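Here are some friendly notes to read alongside the structure.

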Amino acid sequence: MQSGQPTNMEPLTRTAKTRALVIGYGNPLREDDGVGWRAAELLEQKLPAGAAEIIQCHQLTPELAASFEGAAVVVFLDAACDQEPGAVSSVQVQAEGAVVWSHYLTPGQLLTLSEQLGRKAPPAFLIRGGIQRMNLGEGLTELGEQTASRMADLAHACVRDASMGLSCRPLGSR
């Protein structure tokens, strides 16, 4: 598993669109805000070796757009302050208008940036989990851990479908 951002020193090992890219993001030092990181860890345990590139990071930055190359699907995993604690939702991500250069981007802005770099953006999905607490502290609450597990299950289904050449579908809220 890779923490932080990809670098130009990391070789691409696949050229065919067979792998999934999973980006778990948030702040694991703020309790349940780390639910995206934890979901990525749980997903990695479920997948066969090499089935996905998994990245954990604090926020979405422009450098991540280069990671989309060769991906059959991109799955973003994040905490949601605006959902009921424990609720999990999945939506398809669409490219958003102009990219504002910042050190924080939305999933849609990353897709736009990928297209601006001359790459066709792969299908992308955002899986969000409603969080209970964001206080300073390592580790998730019990509900946060359950939420991360459900997020990983949804991501696993999407990665599995993509590996078989099937289209992932947004799964709504659960």
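1. Setting aside residues up to four places away in sequence, Lys46 touches Ala152, Asp153 and His156. Please keep in mind while looking at these contacts that the model is predicted. Lys46 itself sits in helix H1, and with a relative accessible area of 39% it is partly exposed.

2. One of those contacts deserves a second look. Lys46 and Asp153 form a salt bridge, with their closest N and O atoms 2.6 Å apart. This pair links distant parts of the chain, since Lys46 belongs to helix H1 and Asp153 to helix H3 (residues 142-163), 107 residues away. Their C-alpha atoms are separated by 8.7 Å. The two side chains are also joined by a polar contact of 2.6 Å.

3. How many salt bridges does the count come to? The total is eight. Another of them pairs Arg19 with Glu53, where the closest N and O atoms are 3.4 Å apart. Because Arg19 lies in strand S2 and Glu53 in strand S3 (residues 52-57), this bridge ties together parts that are 34 residues apart in sequence.

4. Asp82 is in the loop between S4 and strand S5 (88-92), while Arg128 is in strand S6, so the pair ties together parts 46 residues apart in sequence. Is Asp82 buried or exposed? With a relative accessible area of 61%, Asp82 is exposed. Salt bridges that share partners also join Arg38, Glu41 and Glu145 into one network.

5. Now for the interior. In soluble globular proteins, nonpolar side chains tend to be buried together. Here the largest nonpolar core has 27 residues, and Val22, Val73, Val75, Leu77, Ile127 and Met151 have the most contacts inside it. Two or more residues come from each of S2, H1, S4, S6 and H3. Helix H3 gives the most to this core, with eight residues.

6. Apart from its neighbours within four places in sequence, Leu77 is in contact with Val22, Ile23, Gly24, Tyr25, Gly36, Ala39, Ala40, Ile127, Met151 and Ala155. There is also a second, separate core of 20 residues, and its members include Tyr25, Ala65, Leu111 and Ala121.

7. Helix H2 (residues 107-116) is mostly covered, with eight of its 10 residues buried. Which residues of H2 are buried? They are Pro107, Gly108, Gln109, Leu110, Leu111, Thr112, Leu113 and Ser114. Their cover includes strand S2 (19-25), strand S4 (71-80) and strand S6 (124-130). Just after H2, Gly118 takes a positive phi of about 90°.

8. Glu31 is worth a careful look at its backbone. Its phi is near 45°, a positive value in a residue other than glycine. Where is Glu31 placed? Glu31 is in the loop between S2 and helix H1 (35-46). The residue is buried, with a relative accessible area of 11%.

9. Not counting residues up to four places away in sequence, Glu31 touches Arg133, Met134, Asn135, Gly137, Gly139 and Leu140. Among these, Asn135 has its backbone nitrogen reached by the side chain of Glu31, at 3.1 Å.

10. A last point concerns the cysteines. A search of the whole structure finds zero disulfides. Cys57 is buried, with a relative accessible area of 1%, whereas Cys81 is exposed, with a relative accessible area of 60%.

Notes
Residues numbered from 1 in each chain as written. Predicted model: local features only at pLDDT ≥ 70, side-chain atom pairs only at ≥ 80, totals over all residues. Heavy atoms only, no water. Disulfide = S-S within 2.5 Å. Buried < 20%, exposed > 50% of the residue type's maximum accessible area, 1.4 Å probe, protein only. Helix = DSSP H or I, 4+ residues; strand = E, 2+ residues; numbered from the N terminus. Contact = heavy atoms within 4.5 Å. Salt bridge = Lys/Arg side-chain N within 4 Å of Asp/Glu carboxyl O. Polar contact = N/O pair within 3.5 Å; in protein donor to acceptor, adjacent residues only side chain to side chain. Core = buried A, V, L, I, M, F, W, Y, C linked by side-chain atoms within 4.5 Å.
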